[in-house]
Amino acid sequence: MEEIRIDCANPTKEEMELSVFHAQTLFKFNNTMPCTEEYDSLMRQLFPDMGVNSRIVTPLKGVRFNKVKIGNNVVINSDCLMMAAGGITIDDEAMIAANAQLISNNHDLDNRWIITCKPIHIGRRAWIGAGATILPGITVGENAVVGAGSVVTKDVEPDTIVAGNPAKVIRKI
């Protein structure tokens, strides 16, 4: 998997404009009455690549939401953090519990202004438990379960339950 490197000390004009758009739209989204046309419109502005019947419960935190792809019938519960510079794909019918962290980027150890990015992929019907953290470059397989509070440092096979810090296989489904 190829690592992308972004120099945060020297953003382009377009990157700055997009950052401001996301920050302002996210603020509006987090402070808008749920289940309204305005709420749905703001959610679609943040996530232009979002399937049908998917929903996000506020508050939401993160950056670079344009790099997030959300399938159909996805539920993302409150206080999710999406650090999406590396890209995040969430397939159909996945469930992300409250306080989950999807972190597709990190800082370079030598130059902290450089972020290193690898995509995250959450498979179809996967369930990410409350407070779980998914780190850069991780794939959580179809129908897999990540236990609450887990830190996922390695790919999770389909139909597998993992838990702990670091997450370890508990059993197959």
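User: In E11, which residue is the bridge partner of Asn-105?

Analyst: Quick heads-up: this is a predicted model, where local features need pLDDT of at least 70, side-chain atom pairs count only at pLDDT 80 or more, and totals for chains, interfaces and linings use all residues. Residues are numbered from 1 along each chain as its sequence is written, and side-chain values use heavy atoms, leaving out hydrogens and water. Strands here are DSSP runs of E, at least two residues, numbered from the N terminus, and two of them pair if DSSP finds at least two bridges between them. E10 (residues 105-107) runs antiparallel to E11 with three bridges, and the partner of Asn-105 in E11 is Cys-117.

User: How many residues lie between E10 and E11 in their hairpin?

Analyst: The two strands run antiparallel. They form a hairpin, and the number of residues between them is six.

User: Which residue of E11 is the bridge partner of Arg-5?

Analyst: Strand E1 (residues 4-7) also runs antiparallel to E11, joined by four bridges. Within E11, Arg-5 has as its bridge partner Thr-116.

User: Are Ile-114, Ile-115, Thr-116 and Cys-117 buried or exposed?

Analyst: Buried means under 20% relative accessible area, exposed over 50%, and partly exposed in between (1.4 Å probe, protein chains only). In E11 (residues 114-117), Ile-114 and Thr-116 sit on one side, with Ile-115 and Cys-117 on the other. Both faces are covered, and all four residues are buried.

User: Which strands are the edges of the open seven-stranded sheet?

Analyst: The order is E2-E5-E8-E13-E16-E18-E19, with mixed pairing. Each edge strand pairs on one side only, and these are E2 (55-56) and E19 (168-172).
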